[in-house]
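Please keep the sequence and the 3D view open while reading.

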Amino acid sequence: MKKICLLGASGSIGKSTCDILKKFNNSFELVAVSINKSVDILESIILQFPSIKSVCVCNAPIIELQKKYPRITFFTKEDGLIDLIANSSCDMVVNALVGFVGLKPTVYALEHDIDVALANKETLVAGGELINDILDKHHSVHLYPIDSEHVALAKCLMHKNHKDVKRLIITASGGAFRDLTREELKGVTLQDALKHPSWSMGEKITVDSATMVNKGFEIIEAYYLFNFEENKIDVLLHDESVIHSLVEMNDHSYVADLGPADMRIPISFALFEKEYQKNDTLPSLDLSLLGSLHFRKLDLKRYPALELARRCIKEKGTLGCVMNAANEACNLAFRKGELEFDKIEEIIKKVMDEHRIIDHPTLLDLIYVNNQAYQEAINYIKELKK
Ligand SMILES: NC(=O)c1ccc[n+]([C@@H]2O[C@H](COP(=O)([O-])OP(=O)(O)OC[C@H]3O[C@@H](n4cnc5c(N)ncnc54)[C@H](OP(=O)(O)O)[C@@H]3O)[C@@H](O)[C@H]2O)c1
(Lines give C-alpha, C1' and ligand atoms only; values in the text may rest on other atoms or scores of the structure.)
Protein backbone atom coordinates (compact mmCIF):
# COMPACT_ATOMS: atom_id res chain seq x y z
CA MET A 1 0.00 0.00 0.00
CA LYS A 2 1.35 3.40 -0.99
CA LYS A 3 0.67 6.06 1.67
CA ILE A 4 -0.52 9.34 0.13
CA CYS A 5 -0.47 12.89 1.47
CA LEU A 6 -2.87 14.97 -0.66
CA LEU A 7 -2.38 18.76 -0.58
CA GLY A 8 -5.32 20.79 -1.89
CA ALA A 9 -7.77 17.92 -1.39
CA SER A 10 -10.86 20.14 -1.68
CA GLY A 11 -10.04 21.50 -5.16
CA SER A 12 -10.79 20.25 -8.63
CA ILE A 13 -7.62 18.09 -8.88
CA GLY A 14 -7.91 17.13 -5.20
CA LYS A 15 -11.42 15.74 -5.66
CA SER A 16 -10.46 13.84 -8.83
CA THR A 17 -7.48 12.40 -6.94
CA CYS A 18 -9.81 11.23 -4.16
CA ASP A 19 -11.87 9.47 -6.82
CA ILE A 20 -8.84 7.52 -8.05
CA LEU A 21 -7.68 6.74 -4.49
CA LYS A 22 -11.13 5.36 -3.64
CA LYS A 23 -11.29 3.26 -6.79
CA PHE A 24 -7.82 1.78 -6.12
CA ASN A 25 -8.06 1.41 -2.35
CA ASN A 26 -6.04 -1.80 -2.54
CA SER A 27 -3.05 0.14 -3.83
CA PHE A 28 -3.28 3.44 -1.93
CA GLU A 29 -3.95 4.61 1.61
CA LEU A 30 -4.85 8.30 1.99
CA VAL A 31 -3.20 9.26 5.31
CA ALA A 32 -3.04 13.07 5.20
CA VAL A 33 -4.92 15.89 3.47
CA SER A 34 -4.88 19.68 3.37
CA ILE A 35 -7.45 22.34 2.53
CA ASN A 36 -7.39 26.12 2.65
CA LYS A 37 -10.84 26.79 4.08
CA SER A 38 -13.39 24.44 2.47
CA VAL A 39 -14.31 22.71 5.73
CA ASP A 40 -17.50 21.07 4.37
CA ILE A 41 -15.56 19.33 1.62
CA LEU A 42 -12.87 18.32 4.14
CA GLU A 43 -15.48 16.67 6.35
CA SER A 44 -16.91 14.68 3.46
CA ILE A 45 -13.37 13.49 2.59
CA ILE A 46 -12.67 12.52 6.22
CA LEU A 47 -15.86 10.44 6.25
CA GLN A 48 -14.95 8.72 2.97
CA PHE A 49 -11.38 7.90 4.06
CA PRO A 50 -11.12 6.59 7.66
CA SER A 51 -7.40 6.07 6.90
CA ILE A 52 -6.78 9.85 7.28
CA LYS A 53 -4.68 10.47 10.38
CA SER A 54 -3.63 14.09 9.91
CA VAL A 55 -5.10 17.21 8.35
CA CYS A 56 -3.85 20.72 7.64
CA VAL A 57 -6.42 23.53 7.51
CA CYS A 58 -4.48 26.54 6.25
CA ASN A 59 -6.98 29.30 6.65
CA ALA A 60 -9.98 28.42 8.83
CA PRO A 61 -10.59 27.70 12.54
CA ILE A 62 -9.93 24.11 13.62
CA ILE A 63 -11.33 24.03 17.18
CA GLU A 64 -14.67 22.47 16.18
CA LEU A 65 -12.95 20.00 13.87
CA GLN A 66 -10.58 18.91 16.64
CA LYS A 67 -13.54 18.21 18.95
CA LYS A 68 -15.41 16.32 16.24
CA TYR A 69 -12.47 14.19 15.03
CA PRO A 70 -10.26 13.52 18.08
CA ARG A 71 -8.39 10.69 16.31
CA ILE A 72 -7.01 13.17 13.74
CA THR A 73 -3.98 15.42 14.28
CA PHE A 74 -4.62 18.93 12.97
CA PHE A 75 -2.10 21.45 11.67
CA THR A 76 -2.76 25.02 10.60
CA LYS A 77 -1.44 27.80 8.39
CA GLU A 78 0.96 27.54 5.47
CA ASP A 79 3.75 26.07 7.61
CA GLY A 80 1.30 23.39 8.66
CA LEU A 81 1.63 21.95 5.13
CA ILE A 82 5.25 21.07 5.93
CA ASP A 83 4.31 19.65 9.36
CA LEU A 84 1.62 17.59 7.63
CA ILE A 85 4.10 16.01 5.21
CA ALA A 86 6.73 15.55 7.94
CA ASN A 87 4.33 13.75 10.29
CA SER A 88 2.45 11.64 7.76
CA SER A 89 5.13 8.99 6.95
CA CYS A 90 3.78 9.16 3.41
CA ASP A 91 5.39 7.58 0.34
CA MET A 92 4.06 10.19 -2.07
CA VAL A 93 2.83 13.76 -1.87
CA VAL A 94 0.15 14.72 -4.39
CA ASN A 95 0.49 18.48 -4.74
CA ALA A 96 -2.88 19.85 -5.94
CA LEU A 97 -2.44 23.27 -4.34
CA VAL A 98 -3.01 26.32 -6.49
CA GLY A 99 -0.40 29.07 -6.62
CA PHE A 100 3.07 29.82 -5.25
CA VAL A 101 2.06 28.28 -1.90
CA GLY A 102 2.73 24.91 -3.59
CA LEU A 103 6.48 25.48 -4.04
CA LYS A 104 7.67 25.01 -0.45
CA PRO A 105 5.91 21.66 0.14
CA THR A 106 7.31 20.30 -3.16
CA VAL A 107 10.82 21.35 -2.16
CA TYR A 108 10.40 19.84 1.32
CA ALA A 109 9.08 16.52 0.01
CA LEU A 110 11.77 16.07 -2.65
CA GLU A 111 14.55 17.05 -0.23
CA HIS A 112 13.26 14.36 2.13
CA ASP A 113 13.20 11.75 -0.64
CA ILE A 114 9.41 11.64 -0.89
CA ASP A 115 8.04 11.27 -4.43
CA VAL A 116 5.78 14.06 -5.65
CA ALA A 117 2.89 13.85 -8.11
CA LEU A 118 2.69 17.47 -9.20
CA ALA A 119 -0.41 19.28 -10.41
CA ASN A 120 0.81 22.59 -8.93
CA LYS A 121 2.46 23.98 -12.07
CA GLU A 122 3.41 27.19 -10.22
CA THR A 123 6.11 25.09 -8.48
CA LEU A 124 8.02 24.65 -11.76
CA VAL A 125 7.23 28.10 -13.16
CA ALA A 126 8.58 29.84 -10.06
CA GLY A 127 11.22 27.34 -8.98
CA GLY A 128 12.06 25.06 -11.94
CA GLU A 129 15.83 25.44 -11.59
CA LEU A 130 15.73 24.84 -7.83
CA ILE A 131 13.56 21.74 -8.25
CA ASN A 132 15.88 20.28 -10.89
CA ASP A 133 18.91 20.95 -8.66
CA ILE A 134 17.22 19.00 -5.87
CA LEU A 135 16.34 16.16 -8.25
CA ASP A 136 19.96 16.04 -9.43
CA LYS A 137 21.14 15.61 -5.83
CA HIS A 138 18.40 13.13 -4.78
CA HIS A 139 18.65 10.32 -7.30
CA SER A 140 16.08 8.02 -5.71
CA VAL A 141 13.23 10.54 -5.64
CA HIS A 142 10.75 11.10 -8.49
CA LEU A 143 8.61 13.97 -9.72
CA TYR A 144 5.54 12.83 -11.69
CA PRO A 145 3.60 15.51 -13.60
CA ILE A 146 -0.20 15.52 -13.40
CA ASP A 147 -0.93 18.24 -15.97
CA SER A 148 -2.65 16.46 -18.88
CA GLU A 149 -0.30 17.93 -21.52
CA HIS A 150 2.81 16.81 -19.64
CA VAL A 151 1.48 13.36 -18.91
CA ALA A 152 0.72 13.16 -22.63
CA LEU A 153 4.29 14.22 -23.46
CA ALA A 154 5.70 11.71 -20.96
CA LYS A 155 3.66 8.99 -22.65
CA CYS A 156 4.75 10.08 -26.15
CA LEU A 157 8.41 10.19 -25.07
CA MET A 158 8.39 6.74 -23.46
CA HIS A 159 11.00 4.42 -25.00
CA LYS A 160 12.17 7.24 -27.30
CA ASN A 161 15.69 8.50 -27.61
CA HIS A 162 15.86 12.29 -27.05
CA LYS A 163 18.15 12.70 -30.04
CA ASP A 164 15.43 11.28 -32.32
CA VAL A 165 12.92 13.94 -31.25
CA LYS A 166 12.49 17.05 -33.41
CA ARG A 167 10.11 18.97 -31.11
CA LEU A 168 7.46 18.75 -28.43
CA ILE A 169 4.03 20.17 -29.29
CA ILE A 170 1.72 21.21 -26.48
CA THR A 171 -1.89 21.53 -27.58
CA ALA A 172 -4.05 24.43 -26.39
CA SER A 173 -7.81 24.78 -26.47
CA GLY A 174 -7.39 28.56 -26.47
CA GLY A 175 -9.62 29.05 -23.41
CA ALA A 176 -12.93 30.84 -23.18
CA PHE A 177 -11.98 33.75 -25.48
CA ARG A 178 -10.26 31.88 -28.28
CA ASP A 179 -12.61 33.27 -30.92
CA LEU A 180 -12.29 36.90 -29.77
CA THR A 181 -9.80 39.44 -31.12
CA ARG A 182 -7.77 41.52 -28.62
CA GLU A 183 -10.13 44.42 -29.26
CA GLU A 184 -13.10 42.23 -28.36
CA LEU A 185 -11.51 41.33 -24.99
CA LYS A 186 -12.39 44.75 -23.60
CA GLY A 187 -15.02 44.46 -20.88
CA VAL A 188 -15.23 40.64 -20.76
CA THR A 189 -16.46 39.38 -17.38
CA LEU A 190 -15.40 36.64 -14.97
CA GLN A 191 -18.49 34.63 -15.90
CA ASP A 192 -17.39 34.77 -19.56
CA ALA A 193 -13.83 33.73 -18.65
CA LEU A 194 -15.03 30.73 -16.65
CA LYS A 195 -16.77 29.17 -19.66
CA HIS A 196 -13.86 26.93 -20.66
CA PRO A 197 -14.64 25.10 -23.92
CA SER A 198 -13.48 21.63 -22.77
CA TRP A 199 -12.21 21.32 -19.18
CA SER A 200 -13.89 21.83 -15.82
CA MET A 201 -11.20 23.21 -13.46
CA GLY A 202 -10.60 25.59 -10.55
CA GLU A 203 -11.22 29.33 -11.13
CA LYS A 204 -7.59 30.45 -11.18
CA ILE A 205 -6.42 28.03 -13.88
CA THR A 206 -9.58 28.65 -15.93
CA VAL A 207 -8.80 32.37 -16.04
CA ASP A 208 -5.13 31.52 -16.79
CA SER A 209 -6.39 29.45 -19.73
CA ALA A 210 -8.32 32.42 -21.07
CA THR A 211 -5.21 34.67 -21.00
CA MET A 212 -3.04 31.75 -22.21
CA VAL A 213 -0.75 32.40 -19.24
CA ASN A 214 -1.56 28.77 -18.48
CA LYS A 215 -0.13 27.63 -21.82
CA GLY A 216 2.93 29.80 -21.26
CA PHE A 217 3.36 28.12 -17.88
CA GLU A 218 3.07 24.73 -19.57
CA ILE A 219 5.97 25.60 -21.90
CA ILE A 220 8.05 26.37 -18.79
CA GLU A 221 6.87 23.15 -17.12
CA ALA A 222 7.80 21.10 -20.19
CA TYR A 223 11.22 22.74 -20.32
CA TYR A 224 12.05 21.75 -16.73
CA LEU A 225 10.43 18.31 -16.88
CA PHE A 226 11.78 16.98 -20.16
CA ASN A 227 15.08 18.79 -20.72
CA PHE A 228 14.50 20.04 -24.29
CA GLU A 229 15.65 23.44 -25.59
CA GLU A 230 13.00 26.16 -25.36
CA ASN A 231 12.88 26.48 -29.17
CA LYS A 232 11.98 22.78 -29.42
CA ILE A 233 8.75 23.27 -27.46
CA ASP A 234 5.84 24.49 -29.58
CA VAL A 235 2.18 25.23 -28.93
CA LEU A 236 -0.65 24.38 -31.33
CA LEU A 237 -4.27 25.49 -31.03
CA HIS A 238 -6.50 22.44 -31.06
CA ASP A 239 -10.21 23.09 -30.58
CA GLU A 240 -11.46 19.71 -29.38
CA SER A 241 -8.95 18.98 -26.53
CA VAL A 242 -8.79 15.37 -27.69
CA ILE A 243 -5.08 15.32 -28.49
CA HIS A 244 -3.39 16.26 -25.21
CA SER A 245 0.05 16.80 -26.77
CA LEU A 246 2.34 15.46 -29.49
CA VAL A 247 5.95 14.75 -30.24
CA GLU A 248 7.35 15.19 -33.73
CA MET A 249 10.23 12.84 -34.48
CA ASN A 250 13.21 13.65 -36.72
CA ASP A 251 11.78 11.52 -39.53
CA HIS A 252 8.67 13.81 -39.45
CA SER A 253 6.38 11.19 -37.98
CA TYR A 254 4.26 12.26 -35.01
CA VAL A 255 3.48 10.46 -31.77
CA ALA A 256 0.31 11.74 -30.10
CA ASP A 257 -1.67 11.06 -26.95
CA LEU A 258 -5.45 11.14 -27.38
CA GLY A 259 -8.16 10.61 -24.81
CA PRO A 260 -11.19 12.05 -23.02
CA ALA A 261 -10.76 15.41 -21.28
CA ASP A 262 -10.87 13.89 -17.80
CA MET A 263 -8.10 14.69 -15.31
CA ARG A 264 -8.55 11.35 -13.55
CA ILE A 265 -6.65 9.72 -16.45
CA PRO A 266 -3.40 11.70 -16.00
CA ILE A 267 -3.80 11.60 -12.20
CA SER A 268 -4.00 7.80 -12.29
CA PHE A 269 -0.92 7.64 -14.54
CA ALA A 270 1.05 9.78 -12.07
CA LEU A 271 -0.12 7.93 -8.95
CA PHE A 272 0.83 4.61 -10.53
CA GLU A 273 4.27 6.01 -11.43
CA LYS A 274 3.78 6.04 -15.20
CA GLU A 275 1.63 2.92 -15.53
CA TYR A 276 -1.58 2.62 -17.53
CA GLN A 277 -4.19 1.33 -15.10
CA LYS A 278 -7.42 -0.38 -16.20
CA ASN A 279 -10.37 1.71 -14.99
CA ASP A 280 -13.85 1.01 -16.38
CA THR A 281 -15.41 3.84 -14.37
CA LEU A 282 -13.69 6.46 -16.56
CA PRO A 283 -15.30 7.68 -19.80
CA SER A 284 -13.88 6.32 -23.05
CA LEU A 285 -13.47 8.18 -26.31
CA ASP A 286 -15.21 6.90 -29.46
CA LEU A 287 -13.06 8.30 -32.26
CA SER A 288 -15.63 7.28 -34.88
CA LEU A 289 -18.08 9.79 -33.37
CA LEU A 290 -15.60 12.64 -33.50
CA GLY A 291 -15.71 13.25 -37.24
CA SER A 292 -12.84 15.72 -37.38
CA LEU A 293 -10.12 17.41 -35.36
CA HIS A 294 -9.07 21.03 -35.87
CA PHE A 295 -5.70 22.73 -35.52
CA ARG A 296 -4.72 26.38 -35.82
CA LYS A 297 -1.48 28.33 -35.64
CA LEU A 298 -1.13 30.61 -32.64
CA ASP A 299 -1.16 34.36 -33.14
CA LEU A 300 1.54 35.57 -30.72
CA LYS A 301 0.26 39.17 -30.81
CA ARG A 302 -3.13 37.92 -29.66
CA TYR A 303 -1.55 35.95 -26.79
CA PRO A 304 1.45 37.94 -25.45
CA ALA A 305 1.70 35.70 -22.36
CA LEU A 306 3.43 33.02 -24.43
CA GLU A 307 6.39 35.25 -25.26
CA LEU A 308 6.61 36.34 -21.61
CA ALA A 309 6.86 32.70 -20.58
CA ARG A 310 9.57 32.03 -23.17
CA ARG A 311 11.52 34.97 -21.73
CA CYS A 312 11.40 33.28 -18.30
CA ILE A 313 13.13 30.22 -19.77
CA LYS A 314 15.74 32.23 -21.70
CA GLU A 315 16.60 34.60 -18.84
CA LYS A 316 16.09 32.04 -16.04
CA GLY A 317 16.88 32.87 -12.37
CA THR A 318 13.98 34.57 -10.62
CA LEU A 319 12.09 35.75 -13.73
CA GLY A 320 9.63 32.82 -13.74
CA CYS A 321 8.90 33.53 -10.09
CA VAL A 322 8.14 37.16 -11.00
CA MET A 323 5.86 36.24 -13.89
CA ASN A 324 4.01 33.81 -11.64
CA ALA A 325 3.63 36.31 -8.77
CA ALA A 326 2.45 39.15 -11.00
CA ASN A 327 0.01 36.80 -12.68
CA GLU A 328 -1.36 35.61 -9.32
CA ALA A 329 -2.02 39.21 -8.28
CA CYS A 330 -3.65 40.10 -11.63
CA ASN A 331 -5.67 36.89 -11.87
CA LEU A 332 -7.12 37.45 -8.39
CA ALA A 333 -7.76 41.15 -9.06
CA PHE A 334 -9.66 40.25 -12.24
CA ARG A 335 -11.71 37.65 -10.35
CA LYS A 336 -12.53 40.26 -7.70
CA GLY A 337 -13.62 42.76 -10.35
CA GLU A 338 -10.67 45.08 -9.63
CA LEU A 339 -8.84 44.72 -12.96
CA GLU A 340 -9.92 44.57 -16.61
CA PHE A 341 -9.09 41.26 -18.29
CA ASP A 342 -7.13 42.84 -21.15
CA LYS A 343 -4.74 44.58 -18.72
CA ILE A 344 -3.44 41.35 -17.17
CA GLU A 345 -0.51 40.67 -19.55
CA GLU A 346 0.42 44.37 -19.62
CA ILE A 347 0.94 44.44 -15.85
CA ILE A 348 2.80 41.11 -15.81
CA LYS A 349 5.18 42.49 -18.45
CA LYS A 350 5.75 45.73 -16.51
CA VAL A 351 6.66 43.84 -13.33
CA MET A 352 8.95 41.50 -15.30
CA ASP A 353 10.64 44.40 -17.13
CA GLU A 354 11.52 46.07 -13.84
CA HIS A 355 12.90 43.00 -12.14
CA ARG A 356 16.64 42.52 -11.61
CA ILE A 357 17.13 38.79 -12.00
CA ILE A 358 18.82 36.78 -9.25
CA ASP A 359 20.67 33.80 -10.77
CA HIS A 360 20.35 30.32 -9.22
CA PRO A 361 17.86 31.46 -6.56
CA THR A 362 17.43 29.64 -3.26
CA LEU A 363 14.01 28.95 -1.80
CA LEU A 364 14.40 32.04 0.40
CA ASP A 365 15.26 34.19 -2.66
CA LEU A 366 12.14 32.92 -4.39
CA ILE A 367 9.91 33.63 -1.40
CA TYR A 368 11.31 37.17 -1.14
CA VAL A 369 10.98 37.85 -4.89
CA ASN A 370 7.48 36.38 -4.98
CA ASN A 371 6.28 38.74 -2.24
CA GLN A 372 7.95 41.73 -3.84
CA ALA A 373 6.65 41.07 -7.37
CA TYR A 374 3.14 40.36 -6.05
CA GLN A 375 3.13 43.71 -4.27
CA GLU A 376 4.46 45.55 -7.33
CA ALA A 377 1.66 44.11 -9.44
CA ILE A 378 -0.88 45.24 -6.83
CA ASN A 379 0.60 48.76 -6.96
CA TYR A 380 0.12 48.85 -10.75
CA ILE A 381 -3.43 47.56 -10.39
CA LYS A 382 -4.19 50.34 -7.88
CA GLU A 383 -2.64 52.96 -10.21
CA LEU A 384 -4.93 51.85 -13.03
CA LYS A 385 -7.97 52.28 -10.79
CA LYS A 386 -7.12 55.94 -10.02
N1 LIG B 1 -8.10 21.64 -12.42
C2 LIG B 1 -7.46 21.07 -13.42
O3 LIG B 1 -8.06 20.36 -14.23
C4 LIG B 1 -5.97 21.25 -13.55
C5 LIG B 1 -5.33 20.67 -14.66
C6 LIG B 1 -3.95 20.78 -14.74
C7 LIG B 1 -3.23 21.44 -13.76
N8 LIG B 1 -3.89 22.00 -12.72
C9 LIG B 1 -3.12 22.69 -11.69
O10 LIG B 1 -3.39 22.04 -10.44
C11 LIG B 1 -3.37 22.98 -9.37
C12 LIG B 1 -4.72 22.92 -8.65
O13 LIG B 1 -5.71 23.35 -9.55
P14 LIG B 1 -7.27 23.21 -9.21
O15 LIG B 1 -7.98 23.58 -10.46
O16 LIG B 1 -7.54 21.88 -8.57
O17 LIG B 1 -7.44 24.39 -8.14
P18 LIG B 1 -8.65 24.62 -7.12
O19 LIG B 1 -9.85 23.87 -7.55
O20 LIG B 1 -8.75 26.07 -6.93
O21 LIG B 1 -8.11 23.93 -5.77
C22 LIG B 1 -7.01 24.45 -5.08
C23 LIG B 1 -6.77 23.72 -3.79
O24 LIG B 1 -5.74 24.41 -3.06
C25 LIG B 1 -6.26 24.91 -1.82
N26 LIG B 1 -5.70 26.25 -1.61
C27 LIG B 1 -5.98 27.37 -2.30
N28 LIG B 1 -5.26 28.42 -1.83
C29 LIG B 1 -4.53 27.94 -0.80
C30 LIG B 1 -3.63 28.53 0.11
N31 LIG B 1 -3.31 29.84 0.06
N32 LIG B 1 -3.06 27.75 1.05
C33 LIG B 1 -3.34 26.44 1.11
N34 LIG B 1 -4.22 25.81 0.29
C35 LIG B 1 -4.79 26.56 -0.67
C36 LIG B 1 -7.76 24.95 -1.99
O37 LIG B 1 -8.41 24.86 -0.72
P38 LIG B 1 -9.92 25.46 -0.52
O39 LIG B 1 -10.82 24.62 -1.38
O40 LIG B 1 -10.18 25.27 0.92
O41 LIG B 1 -9.87 26.89 -0.96
C42 LIG B 1 -7.97 23.70 -2.86
O43 LIG B 1 -7.91 22.56 -2.05
C44 LIG B 1 -3.07 24.34 -10.01
O45 LIG B 1 -1.71 24.59 -9.96
C46 LIG B 1 -3.50 24.15 -11.47
O47 LIG B 1 -2.80 24.99 -12.35
C48 LIG B 1 -5.24 21.91 -12.59
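## The ligand shell

Helix H1 makes the largest contribution to the shell around the ligand, giving three residues; here helices (H or I, at least four residues) and strands (E, at least two) are DSSP runs, numbered from the N terminus. The model is a predicted one, in which local features need pLDDT of at least 70 and side-chain atom pairs count only at pLDDT 80 or more, while totals for chains, interfaces and linings use all residues. Residues are numbered from 1 along each chain as its sequence is written.

The ligand is surrounded by 29 residues, of which the closest are Gly8, Gly11, Asn36, Met201 and Gly202, a residue being near the ligand if its C-beta atom, placed from the backbone, lies within 6 Å of it. The elements that supply two or more residues to this shell are helix H1 (12–23) and helix H9 (203–211). Sorted by class, the shell holds 13 nonpolar, 10 polar and six charged residues, where Ala, Val, Leu, Ile, Met, Phe, Trp, Tyr, Cys and Pro count as nonpolar, Asp, Glu, Lys and Arg as charged, and the others, Gly among them, as polar. Because domain 1 (2–145) and domain 2 (149–315) both give residues to the shell, the ligand lies between them.

## Overall build

The protein has 16 helices and 12 strands. Its radius of gyration, taken over C-alpha atoms, is 20 Å, close to the 21 Å that the globule rule gives for 386 residues, so the protein is as compact as a globular protein of that length; the rule itself is 2.2 Å times the number of residues to the power 0.38. Along the principal axes, the C-alpha atoms fill a box of roughly 55 × 55 × 40 Å.

Of the 386 residues, 45% are buried, a residue being buried if 20 or more other C-beta atoms lie within 10 Å of its own, exposed if 12 or fewer, and partly exposed in between, with C-beta atoms placed from the backbone. Among contacts with a separation of 6 or more, 69% are between residues 24 or more positions apart, two residues being in contact if their C-beta atoms, placed from the backbone, lie within 7 Å.

## Domains and their meeting side

The protein is divided into domain 1 (2–145), domain 2 (149–315) and domain 3 (317–386), with bounds that come from an automatic or database domain assignment. The C-alpha centres of domain 1 and domain 2 are 25 Å apart, and 21 residues of domain 1 are in contact with 23 residues of domain 2. On the side of domain 1 that touches domain 2, H1, helix H6 (122–137) and strand S7 (143–145) each supply at least two residues, and the largest share, seven residues, comes from H1. By class, that side of domain 1 has 10 nonpolar, eight polar and three charged residues.

Threonine 17 is placed in helix H1 and counts as buried, with 30 C-beta neighbours inside 10 Å. Apart from neighbours within four places in sequence, threonine 17 is in contact with Leu6, Val94, Ala96 and Ile267. The C-alpha atoms of threonine 17 and methionine 263 are separated by 8.7 Å, although these residues are 246 residues apart along the chain.

## The nonpolar core

The largest nonpolar core contains 116 residues, and those with the most contacts inside it are Ala326, Cys330 and Ala377; such a core is a set of buried Ala, Val, Leu, Ile, Met, Phe, Trp, Tyr and Cys residues joined through C-beta atoms within 7 Å. Helix H14 (residues 319–335) gives the most to this core, with 10 residues. Leaving aside neighbours within four places in sequence, alanine 326 is in contact with Ile347, Ile348, Val351, Met352, Ala373 and Ala377.

Isoleucine 344 belongs to helix H15 (residues 344–354) and is buried, with 27 other C-beta atoms within 10 Å. Not counting residues up to four places away in sequence, isoleucine 344 touches Thr211, Cys330, Phe334 and Leu339.

## Two loop residues with positive phi

Aspartate 113, in the loop between helix H5 (103–111) and strand S6 (115–118), has a positive phi of about 60° although it is not a glycine. Aspartate 113 counts as exposed, with 11 C-beta neighbours inside 10 Å.

Asparagine 227, found in the loop between helix H10 (213–226) and strand S9 (233–238), also is a residue other than glycine with a positive phi, near 60°. Asparagine 227 counts as exposed, with 9 C-beta neighbours inside 10 Å.
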